[in-house]
Amino acid sequence: MNRPITFAIPKGRILDEALPVMREAGIEPEPGFFDKANRALEFGTNRDDVRIIRVRAFDVATFVAHGAAQIGIVGSDVVEEFGYSELYAPVDLGIGKCRLSVAEPKDAEPGQALSTLSHVRVATKYPELTRRWFAAKGLQAEIVKLNGAMELAPALGLTRRIVDLVSTGQTLKENGLVETETIMDISARLIVNRAAFKMMSGTLPALVERFRAIAGGVREAA
């Protein structure tokens with residue numbers, strides 16, 4: 001008997017767009033998944049050989065990288081932040097599009113342009129991506145790790161700049177911030193555990209191919 005596939009999907013911004021793609025691929029969560037009062041994190045599907053876990057986006061990559069789940073959907077920001085060698089990201093699903101950007105107060109004082117600095121203090125939940133981007137510009141980034149409410153950091157004097165996800169930019173605007181640099185464009189990726197992809201050759205590669213056909217293309221992620 002083949003081992004069941006555990007499919008990790010993220011809570012939050014990507015989920016609503018991911019569900020129709022999964023449905024087209026032949027995977028539909030059990031009714032309890034859609035019950036807002038249900039606190040369960042693991043669910044069955046219409047397929048006996050596939051179960052779903054619903055976790056935070058950052059945890060999707062960790063569950064799949066360590067083999068607790070064999071396949072998942074997560075933003076390319078998470079893939080790049082962790083850089084797990086155990087992850088294979090064969091399909092760009094073309095959903096969950098946004099960007100990771102640097103932002104600062106719109107009334108920033110003159111003389112504080114990045115080109116004039118050697119050190120910056122930045123609030124973000126993406127410490128690795130942020131350090132690498134600023135290092136490429138010859139700047140040392142002191143990271144203040146926050147998991148949310150990033151926009152408050154400049155207003156309360158915690159940091160001058162933030163690095164965060166931006167879609168429409170409305171949240172920045174409402175908090176007196178402006179986007180100054182784009183670090184990377186983001187979309188959701190199908191990710192697979194490399195070892196599981198080889199070991200579950202009877203089921204997992206076929207599922208990946210189904211998502212590949214739906215997405216209409218492939219984009220490798222390092």
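**Figure 1. Ring pairs in this predicted model link F58, F82, Y84 and Y126 into a cluster.**

**Figure 2. The rings of F33 and F43 form an edge-to-face pair.** Their centres are 5.2 Å apart. The planes of the two rings meet at 80°, and an angle over 60 degrees counts as edge-to-face, so the pair is placed in that class. F33 lies in the loop between α1 (15-24) and β2 (42-44), whereas F43 lies in strand β2. The pair therefore ties together parts that are 10 residues apart in sequence.

Figure 3. F33 has a relative accessibility of 3% and counts as buried. F43 is also buried, with a relative accessible area of 3%. The charged end of R54 sits over the ring of F33. This charged end is 4.4 Å from the centre of the F33 ring.

**Figure 4. The rings of F58 and F82 form an edge-to-face pair between two helices.** The ring centres are 5.5 Å apart. The ring planes are at 80°, so this pair is edge-to-face. F58 lies in helix α2 (residues 57-65) and F82 in helix α3 (residues 76-82). The pair therefore ties together parts that are 24 residues apart in sequence. F82 counts as partly exposed, at 31% relative accessibility.

Conventions
Residues numbered from 1 in each chain as written. Predicted model: local features only at pLDDT ≥ 70, side-chain atom pairs only at ≥ 80, totals over all residues. Heavy atoms only, no water. Phe/Tyr/Trp six-rings, centres within 6.5 Å; stacked < 30°, edge-to-face > 60°. Helix = DSSP H or I, 4+ residues; strand = E, 2+ residues; numbered from the N terminus. Buried < 20%, exposed > 50% of the residue type's maximum accessible area, 1.4 Å probe, protein only. Lys NZ or Arg CZ within 6 Å of the ring centre and 35° of its normal.
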